[in-house]
Amino acid sequence: MRKKVIAGNWKMNKVLAEAEQFVQEVVKTDPTDQDVEAIVCAPFPFLVPLVEQTKNTSVKIAAQNMHFAENGAFTGEVSPVMLKDLGVTHVVIGHSERREHFAETDETVNKKTHAAFDHELTPIVCVGETLDQREANETMNHIEKQIRAGLKDLTEEQITKTIVAYEPIWAIGTGKTASSSDANEVCQHIRTVIEKLSSKETANQVVIQYGGSVKPANVDELLAQSDIDGALVGGASLEAESFIQLVEAGKK
Ligand SMILES: O=C(CO)COP(=O)(O)O
């Protein structure tokens with residue numbers, strides 16, 4: 001059985017004291033078990049103290065982005081080597097906000113995914129359609145294109161370890177959630193595309209998260225779906241209490 005993975009993506013929120021307070025509460029509660037993993041995707045300046053705070057706990061710390069190069073003249077960027085060195089375990093790649101505002105493309109997503117594996121970081125690769133694409137019935141084609149490009153040339157072993165996050169753009173921060181069956185249908189489609197790139201056995205091991213207005217009130221229904229193995233959560237991950245509830249939901 002696949003583990004459930006609940007990741008809180010704080011985006012550009014919090015100051016250090018708030019971040020530390022949050023992690024302290026989560027660590028104290030320790031809401032994980034063998035069936036569910038908890039990841040906090042924090043802004044770069046908080047990574048060092050949060051990694052320290054979560055040492056010897058089950059809570060993992062992720063970055064929200066990185067460059068694909070190991071080092072070099074890329075002012076303002078952070079490399080996979082740096083993240084690995086800090087003790088960061090996961091990295092979000094290709095979030096729709098980065099695709100929209102920071103010129104992230106399927107090609108850079110693929111380069112970053114390879115770079116993550118080269119440095120033993122687990123990538124959380126984000127895909128999702130716009131409202132226009134959904135209304136034009138282009139969702140499945142668009143998602144297939146993003147998955148094929150994003151996971152291009154990965155080995156089967158790497159694909160097995162990849163976390164895919166399906167986040168319909170129209171559901172992010174809008175309070176609109178895809179219905180659990182619609183979300184599951186796209187997650188099933190993602191698994192089928194991955195199967196074409198690898199094998200059924202590999203595709204069955206890939207953790208596929210749903211993201212877009214996930215909150216304690218709707219998480220149970222989403223996680224009960226056959227192909228939704230977790231959640232990538234924005235707004236509802238900002239309060240420790242609600243993040244803990246979301247992680248707890250993964251145990252059921
Ligand atoms: O973008 C998201 C997580 O990466 C989803 O954000 P919300 O949960 O705020 O809709």
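Predicted model: local features only at pLDDT ≥ 70, side-chain atom pairs only at ≥ 80, totals over all residues.
Reader: Which residues does lysine 152 contact, leaving aside its neighbours within four places in sequence?
Author: Let's look along the chain. The C-alpha atom of lysine 152 is 9.9 Å from that of valine 109, and these two residues are 43 apart along the chain. With neighbours within four places in sequence set aside, the contacts of lysine 152 are Asn110 and His114.

Reader: Glutamine 188 is in contact with which residues, beyond neighbours within four places in sequence?
Author: Glutamine 188 has its place in helix 9 (residues 180–197), and with a relative accessible area of 35% it is partly exposed. In sequence it is 40 residues from isoleucine 228, while their C-alpha atoms are 8.4 Å apart. Leaving aside neighbours within four places, glutamine 188 is in contact with Ser226 and Asp227.

Reader: What do the buried residues of helix 12 pack against?
Author: Helix 12 (residues 240–249) is mostly covered, with 7 of its 10 residues buried. Those buried residues are Ala240, Ser242, Phe243, Ile244, Leu246, Val247 and Ala249. They pack against strand 1 (4–9), helix 1 (16–29), strand 2 (36–42), helix 11 and strand 8.

Reader: How much of the ligand's surface does the protein bury?
Author: Backbone atoms come within polar contact of ligand oxygen atoms in several places. A polar backbone atom of serine 213 is 2.7 Å from a ligand oxygen, one of glycine 234 is 2.9 Å from a ligand oxygen, and a backbone N or O atom of glycine 235 lies 2.8 Å from a ligand oxygen. Taken alone, the ligand exposes 310 Å², and the share of it that the protein buries is 95%.

Reader: What is the radius of gyration of the protein, and why does it agree with a compact globule?
Author: The protein contains 12 helices and 8 strands, and its C-alpha trace spans about 45 × 45 × 35 Å along the principal axes. With 252 residues, a compact globule would have a radius of gyration near 18 Å, so there is agreement with the protein's value of 17 Å.

Reader: What percentage of the residues in the protein is buried?
Author: The accessible surface of the protein is about 11,500 Å², and 50% of it belongs to carbon and sulfur atoms. Among contacts with a separation of 6 or more, 73% join residues 24 or more positions apart. Of the 252 residues, the buried ones make up 54%.

Technical notes: Residues numbered from 1 in each chain as written. Heavy atoms only, no water. Polar contact = N/O pair within 3.5 Å; in protein donor to acceptor, adjacent residues only side chain to side chain. Areas by Shrake-Rupley, 256 points an atom, 1.4 Å probe, with all protein chains shown as cover. Helix = DSSP H or I, 4+ residues; strand = E, 2+ residues; numbered from the N terminus. Rg over C-alpha atoms; globule rule 2.2 N^0.38 Å. Buried < 20%, exposed > 50% of the residue type's maximum accessible area, 1.4 Å probe, protein only. Contact = heavy atoms within 4.5 Å.
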